[in-house]
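Visitor: I have a structure on screen and would like to learn how to read its features. Could you walk me through them?

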Amino acid sequence: MNTCIKPLKDIDACLMLIENAHIEKNKIKKDKLLKEINQDVGFYGLFNENNLIGMVGLERKNDNDYKLIRLAVEKQYRHNGYGEELIRYVENKAIFLGGKSISLGYKNSDTRLGQWYSRLGYIRQTVKKFGKEKEEICFVKKPLSDRPMLKPISNRKESCCVCGFPCEYCICNQIKEVEIPFDITMLMHTDESFRQTNTGYLIAKACKRDSQILFWERDVLNKSLEKLLEDKSKEIILVFPKDDSTEVEQMITFDEVIENRKKTVYIILDGTWKEVRKILRKTPALRALRRIELNGMEKTKYKLRRNKDLEHICTIEVAIELLRGMEEYGSVDTMKANFDLFIDNYSKAKTL
Ligand SMILES: [Zn+2]
């Protein structure tokens, strides 16, 4: 089934879904939902083609704490992992927004639901009684990591929550580290961050000391990115192929930067072509940066994605070409080995 999660704007569809999805009629009124929407709550819908089949809300309590509300999946679509997908989606949103924890409440009598949340990493906090009937609501909380969780590659096997590979093919401890004499910042489109085929994380793990991942989300200004772009002590260079909008004087060559490598930060945009162009379009400060041209990018080894994604910039290959240009040949070999490991284990995991 071809499903996707996106911001939900249709209030009536929301109400209908909430009513259908709950066994006991959940008496939520339209004005209450509208109020929630106006109060810092983001609603996201799970769509199968154009049909809304699930939803979830994310409420911001303060800079650090977020709350998951109104999780619902249409009855006939349950037990397919959609609830988990919606939860992962809002947890990741909270991570992008700088959240440190996420909490939620459910009916204490629903022990199966309790076990499900516990499996997803939610820890029991308190039980409180509400309303005339003194209904017990159990509150649970989950600490959030600093990077989003990937969708597992195989739904049939237990997966590593860091690399997303089935545990038997987990690559986390096999990725070899490299030390590089410059910094890499990956500016990752939030949609990219969920993809199993994302290789940006591989770079981050391998260049642990010299790299960082910043997330780019439409309409949300990333403060760390802003700070980086204002830093006058470093030369910041955008790794991006020359295109029609690039002025010749905007391009920089490796000869020019190689001497000055310790003070250079390379920004690699991570996402599909469509996404990286959007990032550029919406971030004028990035457009103004000098750009470096990479050679040998035409042949890609990266065949993991379907046709529509073939245009994707395979981020690790960009990093490898960057290292080659900087004459860091040892790191080139290590990174290539990391990439081979990724491709190998990915293909094996896919056949499980
Ligand atoms: Zn792993």
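Guide: Let's begin with β4 and β5, which run parallel and are joined by three bridges. Helices (H or I, at least four residues) and strands (E, at least two) are DSSP runs, numbered from the N terminus. Two strands pair if DSSP finds at least two bridges between them. Within this pair, Lys67 stands opposite Ser103 in β5. Please keep in mind that this is a predicted model, in which local features need pLDDT of at least 70 and side-chain atom pairs count only at pLDDT 80 or more, while totals for chains, interfaces and linings use all residues. Residues are numbered from 1 along each chain as its sequence is written.

Visitor: Which strands does helix α3 lie across?

Guide: Contact is judged by C-beta atoms, placed from the backbone: two residues touch if these lie within 7 Å. Angles run from 0 to 180 degrees between N-to-C directions, and axes are lines fitted to C-alpha atoms, for helices over the stretch in contact. Helix α3 (residues 82-96) lies across β1, β2 (41-48), β3 (51-60), β4 (65-73) and β5 (101-107), and runs at about 35° to β3.

Visitor: What is the order of the strands in the seven-stranded open sheet?

Guide: The order is β1-β2-β3-β4-β5-β7-β6, with mixed pairing. At its edges are β1 (3-7) and β6 (123-130), each of which pairs on one side only. On average, neighbouring strands of this sheet are turned by 25° against each other, direction ignored. β5 and β7 run antiparallel, joined by seven bridges, and Ile102 stands opposite Lys142 in β7. Seven bridges also join β6 to β7 (residues 135-143), an antiparallel pair, where Val127 faces Cys138 in β7.

Visitor: What about the open sheet of six strands: which are its edge strands?

Guide: That sheet has the order β9-β8-β12-β10-β13-β11, with parallel pairing. Its edge strands are β9 (211-216) and β11 (251-252), each pairing on one side only. Inside the sheet, β10 (residues 235-239) and β12 (residues 264-270) run parallel and share five bridges. Leu238 stands opposite Ile267 in β12.

Visitor: How many of the residues of helix α11 are buried?

Guide: A residue is buried if 20 or more other C-beta atoms lie within 10 Å of its own, exposed if 12 or fewer, and partly exposed in between, with C-beta atoms placed from the backbone. Nine of the 11 residues of α11 (residues 315-325) are buried, so this helix is largely enclosed by the rest of the structure. Among them are Ile316, Val318 and Leu322. Their cover includes β8 (183-189), α6 (200-206), β10, α8 (254-258), β12 and α12.

Visitor: Where does Leu341 sit, and which residues is it in contact with?

Guide: Leu341 belongs to helix α12 (residues 329-350). Leu341 counts as partly exposed because 16 other C-beta atoms lie within 10 Å. Leaving aside neighbours within four places in sequence, Leu341 is in contact with Ile171 and Gln174. The C-alpha atoms of Leu341 and Ile175 are separated by 8.0 Å, although these residues are 166 apart along the chain.

Visitor: At what angle do helices α1 and α2 pack?

Guide: Two packed helices are described by the angle between their axes and the distance between the axes. Helix α1 (residues 11-21) and helix α2 (residues 30-38) pack at about 115°, with axes 10 Å apart. The contact is made by Ile11, Cys14 and Leu15 of α1 with Lys30, Leu33 and Leu34 of α2.

Visitor: Last one: which value does phi take at Glu49?

Guide: Most residues other than glycine have a negative phi, and most peptide bonds are trans. Glu49, in the loop between β2 and β3, has a positive phi near 55°. Glu49 is exposed, with 9 C-beta neighbours inside 10 Å. His79, in the loop between β4 and α3, also has a positive phi, about 60°.
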